[in-house]
Number of protein chains: 2
Amino acid sequence: MDRLIGVDVGGTRTRVGAVYAGRILARRAFPTRGLAEVKAAIKEVLLEAGWKKPDAIGVGAPAPMDMRRGVILNAPNLPHWNGANVAEELQDAFDCPVFLGNDANCAAVGELVYGWRAQDFLYVTWSTGIGGGIVAGGQVVWGATGQAGEIGHITLRPDGPHCRCGKRGCLEAFAGGAGLSDRSLEHFGQRFSAEELVERAKKGETGALSLVDDACFFMGQALAIVAELLEPEMVIFGGGLTNSWDFLGPKVIAALHSMSRIRPRVELTKLGDDVGLLGAATLPFHFPKL
Amino acid sequence: MDRLIGVDVGGTRTRVGAVYAGRILARRAFPTRGLAEVKAAIKEVLLEAGWKKPDAIGVGAPAPMDMRRGVILNAPNLPHWNGANVAEELQDAFDCPVFLGNDANCAAVGELVYGWRAQDFLYVTWSTGIGGGIVAGGQVVWGATGQAGEIGHITLRPDGPHCRCGKRGCLEAFAGGAGLSDRSLEHFGQRFSAEELVERAKKGETGALSLVDDACFFMGQALAIVAELLEPEMVIFGGGLTNSWDFLGPKVIAALHSMSRIRPRVELTKLGDDVGLLGAATLPFHFPKL
């Protein structure tokens, strides 16, 4: 099991890589569509790496899934992947075992194997949505059927704003990029992107600052809850909103410290945009017994 | 490692047992004092079981501790155990390895080995305080230094009532026996015990019912948070307040279901008052690498 293919299906971009001994020998990145485009990219990186076939393929995706069967269930944000039988189709095409996992859990595997290599940590993707992956005692926490890690959907305010998941007051509704944007529409009658809101907050615009401060406070509360529950040594962040980490990070950490007696070190991923791809490639070695 | 001694140091009672193949061959229970009383009880159960010496001793206690050294740190609720060097003193007295762990984590070990035997679950002690122990993928989640599981001290309302831990709005401040009693003093100018409040709530007294309903709601919110984070198959309850489970349980479960997409089965411990003792006896096999 040396010649590994990692596939990181993102909400907007998909990354495919041929990974050998932790190095990405060949890679493709392209706007997310469906399985056909992924198959074509795998063929290209196999050719470029000089491999006849891979030893295993790992796929990470931000969607509800049946890990045991390797099937994506309903995927409102990934229309081309709705119901896709990922494991069977890629197995048939490349004649090797295929493993499918949640994208944030894959990123946690990437951090465990190639990144900070902590043994007890929480990985958080802070982007349009908020995903999470948990490692405890050097093992990924998958949960009973592989759905663990959903820090974006813990209820912080039962009477809070509606979340895309159907519940109210989830962390994601306050602090996810889409949630922040929704809240700007509610508060200002005008929709701003999360990036715009952060820029306006940096300039000291009171309304934007208040929404961004709220987002950071709730993120800190969520980390504090995880700290008391799991005593991680680190919290590791990735995702688009961390581009503004210099501005957001200190607010998040201050909130964390105000609500937890346990104070894990908080850092950005060491692997940048490759964290999901490298983690997916290593998923075969960390796949749960389900 | 067959002849095991389990010691469950509780806030009010201490239980000591000689455990062989999951059976308690001899036991003592007495009001909690210090290490001298525990040593005497161990000698008695050894004699009764017909053992010259134990193969290992496991001790669970509700106090901050250094698991690596087997030392209890500050223990405001257990004055006789303040700073006790448990591992060294019992090793010297009984010439065998000694393991010290948090009481709720020990109870989780008990459930894992002798109780419901789920592989992914949360154990909750609902009593004067609220403790927790987490098992994920068949492994106890100890955290970086053995302090994981503190569900009683997750912040649910950052502006909520003061908690004994120094923070505000912890689950324990709303739903722990002592917290409930404190809140009765605030609300009625008269202190009731948690048991009295539950009895009054059962009779339909509006004020008491409101406090008890709040307690159950926050307990349900905490379980919902753990469900989204860890996808446990079960939540298992023990502790004094579960004597009123017929009244409290349905309220807790309704709140859990209203705030989580994942709905673990919720049950009482199968091991009754022995859960902590049996878990402590098995702690040697589940002790973390720290």
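## Helix 2 of chain A and what follows it

Just past helix 2 of chain A, A:Asp95 adopts a positive phi of about 55°; helices (H or I, at least four residues) and strands (E, at least two) are DSSP runs numbered from the N terminus. This is a predicted model, in which local features need pLDDT of at least 70, side-chain atom pairs count only at pLDDT 80 or more, and totals for chains, interfaces and linings use all residues. Residues are numbered from 1 along each chain as its sequence is written, while chains are lettered from A and ligands numbered from 1 in the order in which they are written.

Helix 2 itself covers residues 86-94, and A:Val86, A:Ala87 and A:Leu90 are buried there (a residue is buried if 20 or more other C-beta atoms lie within 10 Å of its own, exposed if 12 or fewer, and partly exposed in between, with C-beta atoms placed from the backbone). Looking down the axis of helix 2 of chain A, the buried residues fall within an arc of 90°, so they line one face of the helix; the arc is that of the directions from the helix axis to the C-beta atoms. Those buried residues pack against helix 1 (35-49), strand 4 (56-61), strand 6 (71-72) and strand 7 of chain A.

Let's pick out A:Leu90, which sits in helix 2 of chain A. A:Leu90 counts as buried because it has 26 C-beta neighbours inside 10 Å. Setting aside neighbours within four places in sequence, A:Leu90 is in contact with A:Ile57 and A:Val98 (two residues are in contact if their C-beta atoms, placed from the backbone, lie within 7 Å).

Chain A is divided into domain 1 (4-103 + 273-286) and domain 2 (116-268), with bounds that come from an automatic or database domain assignment. Eight residues of domain 1 of chain A are in contact with eight residues of domain 2 of chain A. On the domain 1 side, the elements giving two or more residues are strand 7 (98-102) and helix 9 (275-286) of chain A. The residues of that side divide into three nonpolar, four polar and one charged; here Ala, Val, Leu, Ile, Met, Phe, Trp, Tyr, Cys and Pro count as nonpolar, Asp, Glu, Lys and Arg as charged, and the others, Gly among them, as polar. The C-alpha centres of the two domains lie 26 Å apart.

Helix 9 of chain A also holds A:Val275, which is buried, with 28 other C-beta atoms within 10 Å. Not counting residues up to four places away in sequence, A:Val275 touches A:Ala107, A:Gly110, A:Glu111, A:Gly115, A:Gly238 and A:Thr269.

## Where the chains meet

The contact between the chains takes 35 residues from chain B and 35 residues from chain A. On the chain B side, strand 9 (130-136) and helix 7 (206-230) each supply at least two residues, and helix 7 of chain B gives the largest share, seven residues. By type, the chain B side divides into 19 nonpolar, nine polar and seven charged residues.

The largest nonpolar core has 197 residues (a nonpolar core is a set of buried Ala, Val, Leu, Ile, Met, Phe, Trp, Tyr and Cys residues joined through C-beta atoms within 7 Å). Those with the most contacts inside this core are A:Leu171, A:Ala222, A:Val226, B:Leu171, B:Ala222 and B:Val226. Beyond four places in sequence, B:Leu171 touches residues including B:Ile130, B:Phe218 and B:Ala222.

## Helix 5 of chain B

In helix 5 of chain B, B:Gly177, B:Gly179, B:Leu180, B:Arg183 and B:Ser184 are buried. They cover an arc of only 160° around the axis, which puts them on the same side of helix 5 of chain B. The face turned away from that buried side carries the exposed residues B:Leu185 and B:Glu186. Packing partners of the buried residues are helix 4 (171-175), helix 6 (194-202) and helix 7 of chain B. After the helix comes B:Gly189, whose phi is positive, near 70°.

B:Ala21, a residue other than glycine, has a positive phi near 50°. B:Ala21 is placed in the loop between strand 2 (13-20) and strand 3 (23-31) of chain B, and counts as exposed with 7 C-beta neighbours inside 10 Å.

B:Glu231 is not a glycine either, yet has a positive phi of about 40°. The loop between helix 7 and strand 11 (234-238) of chain B holds B:Glu231, which is buried, with 23 other C-beta atoms within 10 Å.
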